[in-house]
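Keep the 3D view open as you read.

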Amino acid sequence: MPFELASIYKPQGDQEQAIDKLTRSLQAGNRHQTLLGVTGSGKTFTVANVIRELDRPTLVMSHNKTLAAQLYSEFKQFFPRNAVEYFVSYFDYYQPEAYIPRTDTYIEKDSSINEEIERLRLSTVSSLLSRRDTIVVASVSCIYGLASPEDYLQMLVTIKQGQTMTREAFLAKLVDMLYERNDVGFARGKFRVRGDVVEVHQAQVDEEAIRVEFFGDEIERISRFDPLTGAVHDTLTTLTIFPAKQFVTPSDKLQRATRAIRAELDHRVMEFERDNKLLEAQRIKQRTEFDLEMMQEMGFCNGIENYSRHLTGRPPGSRPYTLMDFMPEDFLLVIDESHATVPQVGGMFAGDRSRKSVLVNYGFRLPSALDNRPLNFSEFMDMTKQTIYVSATPSEFELRNSVVGNSAYLANPDKLFRQETAAVAVAGFLAKNKKQDGFDVHQPGAHLVVEQIIRPTGLLDPRITIRPLKGQIDATIELCRQRIERGERVLVTTLTKRTAEDLADYLRDTGLKVRYLHSDIDTIERVEILRGLRAGECDVLVGINLLREGLDLPEVSLVCILDADKEGYLRSQTSLIQTAGRAARHVEGEVVLFADQITGSMQALIDVTEYRRNRQIAYNEEHGITPTSVVRAVQESLHVILKSSETKQGTLMESPTGFDLHELIGELERDMAGAAASLEYERAALLRDQITELKNGSGLSKIEPSRKTYPKPGRKKQKA
C-alpha cells in the first residue's frame, strides 16, 4: 500500500517549503540534498512528508542506538499502517576477538544477544522482501555483513492450501532454515509436531504462530493462531516462511565452502612453514580443522562469520552483502545527524581491518576472515542512490556533494546562499570553489541545500554575548547566581577534564550546586547527572564535549563557554553551534562567550544566530506567536527502580537468612530482559551492574558463574 502519513499537524514554518524543495530535487533525479534544520524545527516530520510524497522504500541511518530508537518510535507513529522496522546491532554486550602480540594475550570473543532486537532484524528483512511500503531505521550496523540475498531467497518456503507435500519434506525444509524442533518449549524459531499437525513459531513474529495441518501428503489447512492460548485468528491460503536466522546457506554451498576453506588452510599452513612459523602453522591448522568439523556435523561453528566469503561464494577482496543489498533498487537514504553519522561510517572499516590483520598474521584466522568486514566508505557511497543529509551543522562533505556532486550550479553560485548565512560552511566552500557562468542547471528552481530554521513553537535561538577572558570565573559565578534565583539551569564548558573537575570543585565551594560531566564518567551515571540537573538536584553542570547534540534540557537558559577564542576541535564552528543549541529550548536562552578576540568560528556562530533570530522574529510577528519555553516532564531516576532491591540487599547483609538472594537476582534479571526488549538500554545496563554487585557482594559470582546472564564488559585473557 502507499505510505499514509497519520498526523493531526500540518506543515508549519519552514517545513512546507523544505518539503517542496526536497521533493522537487529528488524527483529531478538529484543524488544528494541537505536539510539544514535547527533543533526543534520538526526535521523528522519534514522527512516523513517527503517519504509520503515520493512513496518509496526508505533507509534512515543514525549514529547511535538511542537516537535510532527515538526515530523508530516517531516514524512508527507517523506511518502506523506501513512497515516501519528497526535494525541495529543485536548485541547488548560485545567483546570482539583480538590478539595482543606484545604480551602474548589472546582475547576471546564474548557477547550477549538481545533476542527482541534479533527478532526486529529478522522482521526487517522479511518486510523488505515482501512489501515496498517499508521504512527501516538503522544504525551503522546496516553496513556490516549479512547473508547473500540470493541465498536468503532460495531458503524461503512458500506453502499453499491443497499443495502436495509430505510432512517429512516440510520438516526437512524447516530444519534447513535453522528452525529447531521443541515440542515442549514452543518459542520463536521453534516448531513442534503433533501427529499430522505441524506448528511453527516464525522467528520474526512474537504474538502469532502458524499451524499446518496435513491430510496424507496434502496440506489441508493453514491457520494463524495465538501460541499462548491456542485460539485461531484466521485461515490462510498461501504462506511464505522466512529463515530463523539472518545467516543461512544452502547445503550445496556449505559443501563447496568447506572444500574452499580446506584448500585455503593447506595453502596458509604451507606459507607459515615456508617462513619457519611453526607455531602459527599448528595454531591455524588446529583451529580451522575444529571449525570445519563443527560445520560438517552441526551446520555451524563459533565465529562462522569469519568464513562468510566462502559461504557466500564471493571472490577474495569483494565487499560483503549487507542490509543495503536487501533494499529495493530505488530506495531513499536519509542520514540523520549527518555531521556525526558520515564520519562514523567512514571509520568502521579501518578499525576492523587493523584488529583482524593481527589475528591473521599470528595464525588465529585465515586470510579470508579479512573479508568479513563492514563496507568501506567508497563501497558505501557506491551503494547509495538518492540521499538526504539531515543536520543543523552539515560538514563540507554533505555540502560538497549537495552542491557540486549533482552538477546543478546556478550562473552565480554565491547568489543561492547569499541570504543563507546559517550555512557559513557553504559560503566558505563556494568561496574556495568559484565557478564560471554557464554551468548546466539540472532543473531550474531545484534547491539542494534546504534550510529549516523556523520553529512552529516560536522559540528563538539564544542571544550571543561576548565577555573578556579576564575574570571569566567570577563572571560565570555571578551569571549562575542570577539564573538560579529564577529557577533556571546553567551549562559551563571548559577545554580539559582536569579543568572541568577543578572548576566544579571551586564553584561548589562558593555555595553552588554543581556537577561535572566528561567521558570518564560511566554512561549510566551521565544519564543520572543530566536527570539531576533537570530535577534541580544540581543547578550548574560543567562539561567539555558531551554537552552538545542529543541533549534535551529545557530548563537550561544559559550556556557559558570558557576560553571561546581557543580555536580548535572543541571551539570549532560545529562545536560552538551545537553547544549553543542547548539553550534554544528556553525563552530566556543566552550564550556567553568568554574571549579576547573574535575567531572565525565565533563569528560564524554570531552570524548564524543573528540570521536565525531575525527570521524567527519576523515569522512570530507575522503570525502573532508568543514564544514559550519547552515544558517536558523529568524522567524518573533509574536508581529509584532499584531502591527496594538495595534495601533488601542491606537486610541480607545483616541477616543472611532473612531474604532469598536467588529470588532477588532472578527478579532483577527478568526486569533487565524486559528493559532490553523495550529498547531501554540505559535501564538494562543499570540493572546488569546491580546484578553484578549483588553477586560479587555475596560471593555468588564465584560459586555460580553459569547464572551470569549479561556479562559486564571485561576481557577474557589466556596465553596463546
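**From the surface inwards**

The protein exposes about 32,600 Å², and carbon and sulfur atoms supply 49% of that area (Shrake-Rupley method, 1.4 Å probe; for residues, only the protein chains shown count as cover). Bear in mind that this is a predicted model, where local features need pLDDT of at least 70, side-chain atom pairs count only at pLDDT 80 or more, and totals for chains, interfaces and linings use all residues. Residues are numbered from 1 along each chain as its sequence is written, and side-chain values use heavy atoms, with hydrogens and water left out.

Of the 720 residues, 51% count as buried (under 20% relative accessible area, 1.4 Å probe, protein chains only). The protein has 24 helices and 26 strands (DSSP runs numbered from the N terminus: H or I of at least four residues for helices, E of at least two for strands).

Now zoom in on helix H3, residues 65-78: its 14 residues reach 20 Å from first C-alpha to last, close to the 20 Å expected at 1.5 Å a residue (1.5 Å times one less than the number of residues). Its buried residues are Leu 67, Ala 68, Ala 69, Leu 71, Tyr 72, Phe 75 and Phe 78. They pack against several elements, among them helix H2 (43-54), strand S8 (134-138) and S2 (contact means heavy atoms within 4.5 Å).

Strand S2 (residues 58-61) is where you'll find Thr 58. Thr 58 counts as buried because its relative accessibility is 0%. A polar atom of the Thr 58 side chain lies 3.0 Å from the backbone oxygen of Arg 56. Leaving aside residues up to four places away in sequence, Thr 58 touches Ile 51, Thr 134, Ile 135, Val 136, Met 327, Leu 332 and Val 334.

Terms used. Buried means under 20% relative accessible area, exposed over 50%, partly exposed in between (1.4 Å probe, protein chains only). A polar contact is a pair of N or O atoms within 3.5 Å; within protein, one must be able to donate a hydrogen and the other to accept it, and residues adjacent in sequence count only if both atoms are side-chain atoms.
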